[in-house]
Amino acid sequence: MKIVHVASEFYPYMKTGGLADAVSALAGELADRGHEVAVFLPGYRTAVAHPDATGAVRKLRLKIEMGDEFFSGQVRAFSPRPNLTVYLICRDEYYDRRNPYGNGERDYEDNAERFIFFAKGVVDTLRLSDLQADVVHAHDWQAALVPLLLRVAERRHGLTLAMKTIFTIHNIAFQGVFPARVFPRTNLPDELNNIDGLEYYNQVNFMKGGILFADRVTTVSPRYAQEIQTPEFGCGLDGVVQTRSEDIVGLINGIDTAVWNPAVDPLLPARFSSADLSGKAVCRRALLESQGMEPHYRGPVFGMVCRLAEQKGIDLLLANGDFFEREECRLIVLGTGAERYEQGLRELAARAGGKVALCLHLDEKMSHLIEAGSDFFVMPSLFEPCGLNQMYSQAYGTIPLTSQVGGLVDTVEDADAHPQTGTGLTFPATDEGLRNALARALRLFADKKRLSVVQKRGMSRDFGWKQAAGAYEQLYQDSL
Ligand code: ADP
Ligand code: GLC
């Protein structure tokens with residue numbers, strides 16, 4: 001099949017979260033299976049400057065209609081592996097910036113224009129380069145206008161650009177909602193600026209367009225596919241999602257085992273497998289030492305890696321700060337995000353007197369070391385479409401403590417409730433839920449035999465993308 005992916009993040013050219021990992025691993029796996037895969041990404045500074053892109057050829061010059069003006073841009077293409085071509089939609093004014101969506105606390109003012117331009121650039125490239133896609137698969141709000149713009153362009157030019165379109169919701173909390181005045185920039189007919197179109201409480205909602213106009217809609221876990229049809233998790237789009245309930249399916253992400261495999265991970269000081277865990281002990285010592293902690297410390301080490309956002313349950317962690325002050329344990333947190341959470345964590349670290357360490361920046365290597373060197377991984381998300389770190393943890397012999405939401409439910413089973421099969425500790429996403437799970441973690445840690453069984457059981461699970469990519473392949477075929 002000819003498969004086109006459209007996303008605003010793609011590892012290693014741009015990453016702020018799991019979207020980058022998921023799209024990259026899926027596209028790579030599909031390419032390895034012999035499909036012809038194209039990936040469209042904005043021409044961000046980091047993408048254009050990446051060594052893979054140095055030999056990029058300039059494919060096309062773009063002249064994109066944006067309301068009653070035309071904006072120029074260009075498309076650069078390169079092929080980082082067989083069967084995979086990356087297309088960068090470039091316009092320096094929009095994408096030659098340090099961050100993809102905003103500066104710290106505020107989003108860029110021109111995000112609507114930037115991602116309308118991107119979506120139109122994709123559609124124009126498909127048209128002008130005669131790519132003839134079987135499937136065009138768009139991810140999250142930044143790419144959500146593609147299915148609709150593509151069909152409108154087909155009608156206007158009397159041709160077929162794609163047999164089917166797929167839209168995947170990685171996170172419904174980010175919808176791309178903008179003032180109504182941006183609508184004319186889309187050049188879509190006025191009748192799409194209403195309740196059956198992009199209009200949403202007198203604003204324009206990009207994600208709504210993806211949900212309504214793609215042939216099929218997916219989310220990144222079965223549980224999340226159900227959750228977003230309820231007011232509690234739908235972030236105001238639950239009614240819209242319900243209108244597609246026949247066409248929506250939840251397919252769980254995999255993990256990229258070329259990047260996340262403790263047996264070969266080049267970012268670790270030592271490698272390990274369930275047959276020989278001595279390398280994990282080396283990682284543990286290196287982790288503690290990196291934080292100025294006693295490397296031979298024998299108590300439990302809790303790790304955490306995430307965006308410091310409400311979604312990730314930082315409030316629950318902070319509400320349990322007394323646990324880390326009181327109990328004999330260590331906590332190491334890697335994350336960046338909201339200032340109030342950074343401040344709350346700094347206060348906790350100060351109170352806990354050397355037992356809590358913080359790395360408040362982005363650090364790929366450190367994220368691997370925390371996964372490898374910790375005994376437990378804490379993930380108290382309030383909602384979690386899929387989540388990747390709980391799978392990385394299991395692969396790295398680190399027992400995840402996960403709240404019972406979204407993809408966490410689909411990938412972690414509680415080892416107390418299911419002694420024969422459980423690989424983690426799960427809890428309701430509340431302060432008490434986490435408190436209880438932390439206490440259970442101490443008990444599990446004290447029982448070395450059981451700890452080892454749970455740990456090795458997690459390591460033996462197969463979270464590779466093969467199965468996940470197979471499910472997408474099946475979906476593409478069914479839709480065709
Ligand atoms: P989300 O996409 O909602 O942020 P996921 O669990 O799907 O959550 O993916 C998060 C990804 O981002 C993981 O690969 C995680 O290791 C990574 N990550 C988050 N924060 C950091 C950080 N400060 N440094 C390095 N990697 C990080
Ligand atoms: C989003 C979600 C996360 C998911 C990732 C990849 O960022 O927040 O749960 O794992 O997308 O699909």
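The dialogue below takes up these features in turn for this predicted model.

Student: How is the packing of two helices described, and what are the angle and the axis distance for helix α4 and helix α5?

Tutor: Two packed helices are described by the angle between their axes and by the distance between those axes. Here α4, residues 111–128, and α5, residues 146–157, pack at an angle of about 45°, and their axes are 9 Å apart. The arrangement of α4 relative to α5 is therefore oblique. The crossing of the two helices is right-handed.

Student: Which residues of α4 and α5 make the contact?

Tutor: On the α4 side they are A119, K120, V123, L126 and R127, and on the α5 side V146, L149, L150, A153 and H157. Sorted by class, the contact of α4 with α5 comprises 7 nonpolar, 1 polar and 2 charged residues.

Student: At what angle do helix α16 and helix α17 cross?

Tutor: The axes of α16, residues 431–446, and α17, residues 448–459, cross at roughly 105° and come within 5 Å. Because of that angle, α16 counts as roughly perpendicular to α17. L444, F445 and A446 of α16 meet K448, R450, L451 and V454 of α17. The contact of α16 with α17 divides into 5 nonpolar and 2 charged residues, with no polar ones.

Student: Where is Q142 placed, and is Q142 buried or exposed?

Tutor: Q142 lies in the loop between β8, residues 133–139, and α5. Its relative accessibility is 6%, so Q142 counts as buried. Setting aside neighbours within four places in sequence, the contacts of Q142 are S8, Y101, F115 and F118.

Student: How many disulfides does a search of the whole structure find?

Tutor: A disulfide is a covalent bond between the sulfur atoms of two cysteines. The search of the whole structure finds 0 disulfides. C283, for instance, is in no disulfide, and the nearest cysteine sulfur, that of C359, is 15 Å away.

Student: Are C283 and C359 buried or exposed?

Tutor: C283 counts as buried because its relative accessibility is 0%. C359, at 5% relative accessibility, also counts as buried.

Definitions and conventions:
Residues numbered from 1 in each chain as written. Chains lettered and ligands numbered in written order. Predicted model: local features only at pLDDT ≥ 70, side-chain atom pairs only at ≥ 80, totals over all residues. Heavy atoms only, no water. Disulfide = S-S within 2.5 Å. Buried < 20%, exposed > 50% of the residue type's maximum accessible area, 1.4 Å probe, protein only. Axes fitted to C-alpha atoms, helices over the stretch in contact; angles between N-to-C directions. Helix = DSSP H or I, 4+ residues; strand = E, 2+ residues; numbered from the N terminus. Parallel < 35°, antiparallel > 145°, perpendicular 65-115°, else oblique. Left-handed = near helix turned anticlockwise from the far one by under 90°. Contact = heavy atoms within 4.5 Å. Nonpolar A, V, L, I, M, F, W, Y, C, P; charged D, E, K, R; others polar.
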